[in-house]
Amino acid sequence: EYFMSMTDPIADFCTRIRNGYSSKKRWIDIPSSVLKKRMSIVLKEEGYIDNVVFVNKEDSKEDIRIFLRYHNESPAITTIEKISKPGKRVYVASDDIPRVLNGLGISVISSSKGVISNKVARELKVGGELLCNVW
């Protein structure tokens, strides 16, 4: 169904979530990768999505099914924006981890301790690559 090479899977991940919400979908499927699985789990832990399951397709590929969360019809995620890009990676030290929307939002960070939210990164005192901001 799609043969184009994926230059930026994280941007694709964010866009699919954005599109899913804008078309009021109950869930969306995203081609699986270890990184995207971890990102999905962070979104679930932080309460931005209802659930995440891993679906095996017949061609032995795996999809991540993300169940979108709504509060009275309005999306739980109003903004999901990519920070680091393939051409310009953005890294933060543990002391420089940003607060998103005064702590109302989160950033997803790829750190030495795995893919975690900025809140967890601050607790663990680790920095890493800033993947995206969500609120």
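Let me start with the side chain of N118, which reaches the backbone oxygen of P98 at a distance of 3.1 Å. Before going on, please keep in mind that this is a predicted model. N118 belongs to helix α3, which covers residues 118–124. Is N118 buried or exposed? Its relative accessibility is 2%, and buried means under 20%, so N118 counts as buried. As for what surrounds N118, I leave aside the neighbours within four places in sequence. The contacts are then I97, P98, R99 and V100, together with G105, I106, S107 and I109.

Now the aromatic rings. The count of aromatic pairs comes to two. One of them is Y21 with Y70, an edge-to-face pair with 5.2 Å between the centres and 75 degrees between the planes. Where do Y21 and Y70 lie? Y21 is in helix α1, residues 9–22, and Y70 is in strand β4, residues 70–71, so the pair ties together parts 49 residues apart in sequence. The two partners can be described in terms of accessibility. Y21, at 4% relative accessibility, counts as buried, whereas Y70, at 23%, counts as partly exposed.

The rings of W27 and F67 have centres 5.8 Å apart, and their planes meet at 50 degrees, so this pair is tilted. It links distant parts of the chain, with W27 in strand β1 (residues 27–31) and F67 in strand β3 (residues 62–68), 40 residues apart. W27 is partly exposed, its relative accessible area being 39%. F67 counts as partly exposed too, at 21%.

One more ring to mention is that of F54. K37 lies over the face of F54, 4.8 Å from the ring centre.

Next, the charged side chains. How many salt bridges does a search of the whole structure find? The search finds nine, and I will go through some of them.

R65 forms a salt bridge with D29, and the closest N and O atoms are 2.7 Å apart. R65 is in strand β3 and D29 in strand β1, so to speak of the pair is to speak of distant parts of the chain, 36 residues apart. R65 counts as partly exposed at 22% relative accessibility, and D29 is partly exposed with a relative accessible area of 27%.

R69 and D50 also meet through their side chains in a salt bridge, at 2.5 Å from N to O. R69 lies in the loop between β3 and β4, while D50 lies in strand β2, residues 49–56, so this pair ties together parts 19 residues apart in sequence. R69 has a relative accessible area of 25% and is partly exposed. D50, at 29% relative accessibility, counts as partly exposed.

The side chains of D63 and K57 meet in a salt bridge as well, at 3.4 Å from N to O. Which of these two residues is buried? D63 counts as buried, at 9% relative accessibility. K57 is partly exposed, with a relative accessible area of 23%.

Finally, some salt bridges share partners, and these join R26, D50 and R69 into one network.

Notes
Residues are numbered from 1 along each chain as its sequence is written. This is a predicted model: local features need pLDDT of at least 70, side-chain atom pairs count only at pLDDT 80 or more; totals for chains, interfaces and linings use all residues. Side-chain values use heavy atoms; hydrogens and water are left out. Helices (H or I, at least four residues) and strands (E, at least two) are DSSP runs, numbered from the N terminus. Buried means under 20% relative accessible area, exposed over 50%, partly exposed in between (1.4 Å probe, protein chains only). A polar contact is a pair of N or O atoms within 3.5 Å; within protein, one must be able to donate a hydrogen and the other to accept it, and residues adjacent in sequence count only if both atoms are side-chain atoms. Contact means heavy atoms within 4.5 Å. Rings of Phe, Tyr and Trp (its six-membered ring) pair if their centres lie within 6.5 Å; planes under 30 degrees apart count as stacked, over 60 as edge-to-face and the rest as tilted. A charge sits over a ring if NZ of Lys or CZ of Arg is within 6 Å of the ring centre and within 35 degrees of the ring normal. A salt bridge is a side-chain nitrogen of Lys or Arg within 4 Å of a carboxyl oxygen of Asp or Glu.
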